[in-house]
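Here are some exercises to work through with the model open beside you. Try each task on your own, then read the solution step by step.

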Amino acid sequence: MEKPTYTKKQQYAIIYILIQIMEADGIIDPGEVKFLNSILTDFNISESELEIIGSFEIHQSCAFLSDMTDANKDYARSLFIGMAESDGYSDPRELKIIESIKF
């Protein structure tokens with residue numbers, strides 16, 4: 001799958017949701033941290049931008065994602081699933097977040 005281009009707001013929304021998935025089971029696994037860090041690097045997200053992302057909310061993130069092309073949505077969904085699987089176990093709470101994303 002070709003890596004799409006996202007706007008900064010879309011990148012922030014994706015990172016916000018990845019963090020929600022990472023924190024869903026109450027355990028932050030090193031595999032999840034590694035996965036998140038690779039996406040932060042891909043998106044060139046700085047520490048100060050993480051503070052902006054920390055102020056996001058789920059409905060706001062979904063709104064930013066709803067404007068994407070289908071290919072961009074598919075790639076974002078693959079990132080969400082990748083985060084859920086990055087610790088070797090897809091917790092039902094993580095999957096619930098992914099299923100709740102309407103975009």
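Before we start, a word on axes: each axis is a line fitted to C-alpha atoms, for helices over the stretch in contact, and angles run from 0 to 180 degrees between N-to-C directions. Keep in mind that this is a predicted model. Two packed helices are described by the angle between their axes and the distance between the axes.

**Exercise 1. Work out how H1 and H5 are oriented to each other, and which residues make their contact.**

Step 1. Start with the axes: those of H1 and H5 cross at roughly 25° and come within 9 Å.

Step 2. Compare the angle with the cut-off: angles under 35 degrees count as roughly parallel. H1 is therefore roughly parallel to H5.

Step 3. Find the residues. H1 brings Ile-14, Ile-17, Leu-18, Ile-21 and Met-22 to the contact, and H5 brings Ala-76, Leu-79, Phe-80, Met-83 and Ala-84.

Step 4. Sort them by class: the contact of H1 with H5 has ten nonpolar residues, no polar and no charged ones.

**Exercise 2. Describe how H5 packs with H6.**

Step 1. H6 spans residues 92–100, and its axis and that of H5 come within 10 Å and cross at roughly 175°.

Step 2. H5 and H6 are therefore roughly antiparallel to each other.

Step 3. Phe-80, Ile-81 and Ala-84 of H5 make the contact with Glu-94, Leu-95 and Ile-98 of H6.

Step 4. These residues divide into five nonpolar, no polar and one charged.

**Exercise 3. Classify the ring pair of Tyr-12 and Phe-56, then find which residues form one aromatic cluster.**

Step 1. A pair of aromatic rings is described by the distance of the centres and the angle of the planes.

Step 2. For Tyr-12 and Phe-56, the centres are 6.0 Å apart and the planes are at 80°. Planes over 60 degrees apart count as edge-to-face, and that is the class of this pair.

Step 3. Tyr-12 lies in H1 (residues 8–23) and Phe-56 in the loop between H3 (47–54) and H4 (58–66), so the pair ties together parts that are 44 residues apart in sequence.

Step 4. Look at burial, where the cut-off is under 20% relative accessible area. Tyr-12 is buried at 10%, and Phe-56 is buried at 9%.

Step 5. Move on to the next ring: the centres of Phe-56 and Phe-64 are 5.6 Å apart and the planes are at 45°, so this pair is tilted.

**Exercise 4. Is Asp-25 buried or exposed, and what is Asp-25 in contact with?**

Step 1. Asp-25 lies in the loop between H1 and H2.

Step 2. The relative accessibility of Asp-25 is 12%, so Asp-25 counts as buried.

Step 3. Leaving aside neighbours within four places in sequence, Asp-25 is in contact with Glu-32, Asp-87, Asp-91, Arg-93 and Glu-94.

Step 4. Asp-25 and Ser-90 are 65 residues apart in sequence, with their C-alpha atoms 9.6 Å apart in space.

**Exercise 5. Is Asn-44 buried or exposed, and what is the phi of Asn-44 near?**

Step 1. The loop between H2 and H3 holds Asn-44.

Step 2. Asn-44 has a relative accessible area of 61%, so Asn-44 is exposed.

Step 3. Phi of Asn-44 is near 55°, a positive value in a residue other than glycine.

Key:
Residues numbered from 1 in each chain as written. Predicted model: local features only at pLDDT ≥ 70, side-chain atom pairs only at ≥ 80, totals over all residues. Heavy atoms only, no water. Phe/Tyr/Trp six-rings, centres within 6.5 Å; stacked < 30°, edge-to-face > 60°. Helix = DSSP H or I, 4+ residues; strand = E, 2+ residues; numbered from the N terminus. Buried < 20%, exposed > 50% of the residue type's maximum accessible area, 1.4 Å probe, protein only. Contact = heavy atoms within 4.5 Å. Parallel < 35°, antiparallel > 145°, perpendicular 65-115°, else oblique. Nonpolar A, V, L, I, M, F, W, Y, C, P; charged D, E, K, R; others polar.
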